Amino acid sequence: MNSNDGVVHQRTLALAIAAVALLCFKFTFIGAFAGPVPFWDEWDAQGHNLFLPYLDGRLGLLDWFAAHNEHRATSARVVWLLTFISTGRWDTIAIMMVNAVVHTAAIVLIARVLSEKTSRNTALAIIASTAILLAVPFGWENSIWSLQTMWYFLLLFSYLALLLLCGSSPFSSRWWLGIALSVCAYFSMSSAVATPMAAAAITLLQMYTRGRRGMREYLVLLSYLALAGVMIFYVPRLNPTEAGGLWTKAVILFNGIVRYASWPLPSGLFSALALNTPASVLAVRMIAQRVADNDVRWKILALILWVWIAIAMIAFGRPTGDGGSSRYQDILLVGITINFCLVLRAVSDVASSSRLLLVGRIWVVVVSGVLVHYFSQVTSRDIRSRYNGSYQHVGIVAEYLDKRDQAKLESNGAKLPYPFADRMVAVLSHPGLAKSLRSQIRKDMPGRAKLFWTTVTEAGPFRHFLFVMSPLLLAYSMLIYGLVAFGWARVP
C-alpha cells in the first residue's frame, strides 16, 4: 500500500467517526428539544393530504406529485408514509430521526469532497471543521420539524447529482444517474433547479478553460439547460400576478440575494462579497490556470455555485426574507463551510503567499467569531422559544383529544401548533390519527418533563436506547477522533 492509499484509508476512517458523532449529536438535539405534536404545515402536508387519504383508501398516484406550496415533495411523502406504516402511528420524532440520517449523509459527502487531494493533517482538519460547522443547529428548525425531510433530500440528492455530473463522462451511466438524482432532488423541493444550472455553469467554464467547443459539449450544455427549463416551467406558482415592473422586481431580487448571502454578517454587498472571497479566489485561479476537467476543485466549485444559485432562488421565492430564518441557514452555512475549508486548503498549500495566508487566517477568526455571537444571541433564543411552544402544543392537543371542544381549541389563538383550528379538527376527528397522537401524549405528566418524556420514553425501547446513549456515543466518538488526529499528527 502506497502513501496515497494510506491517506485515503485514514480519511475514510475520519469520515466514519465524524458521521457517528454527527448522528449522535442530532439524536441528542432531537431528544432534548423536539415535541411529538405535529407543527404548522405538517397538519396539512402529512395529516390532511397524505395520512387521511391513505387511511381512507383514496390515496392516488397524482397525490404523490401534488404541490405543497412551490414544491412537489414526492421523496418526502415516501418517507412519511413508510414511517407511518412501520411505526403504526403519526410519529414526527421517528421522521426527524430519518431526516438526521439523510442530513448526516449530505454533510459527510461535503466533507469527503472538500478533503480530497489534501495532506493527512489537512484532511483531518477539514473533516472536523465541516462536521462542527454543519452540526451546530443554526438550522434547528429543520432538525426538529419532520416536514423538512424535503429539505434534507434536496441537499443530499443535489450534492450527489452534481458530483456525478461533474465527475463523469457525458452520457455515461454515471452521468445519467446524476440526471436522475437531479430529478429526485426536484421532487423534493423546487430549489433543485439550481442543480442543472450549476452543472451548466461548470460546463461553460470547462469549455472556456480547455478551449474545446465540440458538438458533445454543446449537447451536454443543452441537456442541462433543457432540464432546468422543464423544472422551472412545472414549479407551482403561488403568486402568478405580482405587482411592479421588471426593474422593480430585479431590484427586489438583488436586495434579497444580498440579504441572504450576507448572513450572519450585517446585510450589505460588502458582507456578501467578503464571506465568499475564498470561493471567488478559487474560481478566478481555476480559470486563469486552465485546470484539467478531472481536477477535484471543479467539484468544490460546483457545490459553491449550487449554493449561490440556491440563494438566488430562495431570494426569488422569499424576496422580503433574510438569512435570519432558520430553515434557510442549512444552505447558507454550507456556503460558509466551503469557504472556510478553502482557506484551510490554502493554508496547507506551500505555494500560497504569506499575505494571502494572513488574510485567510483573519477571515477564519472573524467569521468564527460572528457565528459564535449569532448562535449565542439569536439561535439559542429561538430554540428555547420553540421548545416552550412545543410544550404548550402538547397540552393543547391533549386537552382537545380529551374534551373535543373546538371552541376551546380555537380560543388558544396564536398558541396553536397550526393557525387553522378547523384543519386541525378535521385531522383529529379521524379515529386512526387521533389514537395515533393520543398514544404519544400524556397530559398527566408534571411540568416540562412532559415534553422530554413523550419524546424519549413513550417511543419504545429501541429509540429510548438511542436517545439515552447518543450523548455518550457523541463524547466517545469525539475522543476517538481526537486520539486518531493526535496519533497521525505525530507520524512524519
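**View 1. Ala407 in helix α18 of the predicted model.** In this predicted model, Ala407 is found in helix α18, which spans residues 406–410. Because its relative accessibility is 54%, and a residue counts as exposed over 50%, Ala407 is classed as exposed. Ala407 and Ala421 are separated by 14 residues in sequence, while their C-alpha atoms lie 9.2 Å apart in space.

**View 2. The protein as a whole, as a setting for the close-ups.** The secondary structure consists of 22 helices and 0 strands, and of the 492 residues in the protein, 52% count as buried.

**View 3. The largest nonpolar core and Trp306.** The largest nonpolar core contains 131 residues, and the ones with the most contacts inside this core are Trp43, Tyr159, Trp306 and Ile331. Helix α8, made of residues 149–166, contributes the most to this core, giving 15 residues. If residues up to four places away in sequence are not counted, Trp306 touches Leu154, Leu155, Ser158, Tyr159, Leu162, Ala194, Thr195, Ala198 and Ile331.

**View 4. The crossing of helices α10 and α15.** The axes of α10 (residues 194–210) and α15 (residues 297–317) come within 8 Å of each other and cross at roughly 135°, so the two helices, α10 and α15, are oblique to each other. The crossing in which α10 passes α15 is right-handed. Residues of α10 that take part in the contact include Ala194, Ala198, Ile202 and Leu205, and on the α15 side the partners include Trp298, Leu301, Trp306 and Met313. Sorted by class, the contact of α10 with α15 involves 14 nonpolar and 3 polar residues, with no charged residues.

**View 5. The crossing of helices α14 and α15.** Helix α14 covers residues 277–289, and its axis comes within 11 Å of the axis of α15, with a crossing angle of roughly 135°; α14 and α15 are therefore oblique to each other. Here α14 passes α15 in a left-handed crossing. From α14, the residues Ala279, Ser280, Leu282, Ala283, Met286 and Gln289 meet Arg297, Trp298, Ile300, Leu301, Ile304 and Trp308 of α15. By class, the contact of α14 with α15 is made up of 9 nonpolar, 2 polar and 1 charged residues.

Technical notes: Residues are numbered from 1 along each chain as its sequence is written. This is a predicted model: local features need pLDDT of at least 70, side-chain atom pairs count only at pLDDT 80 or more; totals for chains, interfaces and linings use all residues. Side-chain values use heavy atoms; hydrogens and water are left out. Axes are lines fitted to C-alpha atoms, for helices over the stretch in contact, and angles run from 0 to 180 degrees between N-to-C directions. Helices (H or I, at least four residues) and strands (E, at least two) are DSSP runs, numbered from the N terminus. Angles under 35 degrees count as roughly parallel, over 145 as roughly antiparallel, 65 to 115 as roughly perpendicular and the rest as oblique. A crossing is left-handed if the near helix is turned anticlockwise from the far one by less than a right angle, and right-handed if clockwise. Contact means heavy atoms within 4.5 Å. Ala, Val, Leu, Ile, Met, Phe, Trp, Tyr, Cys and Pro count as nonpolar, Asp, Glu, Lys and Arg as charged, and the others, Gly among them, as polar. Buried means under 20% relative accessible area, exposed over 50%, partly exposed in between (1.4 Å probe, protein chains only). A nonpolar core is a set of buried Ala, Val, Leu, Ile, Met, Phe, Trp, Tyr and Cys residues joined through side-chain atoms within 4.5 Å.
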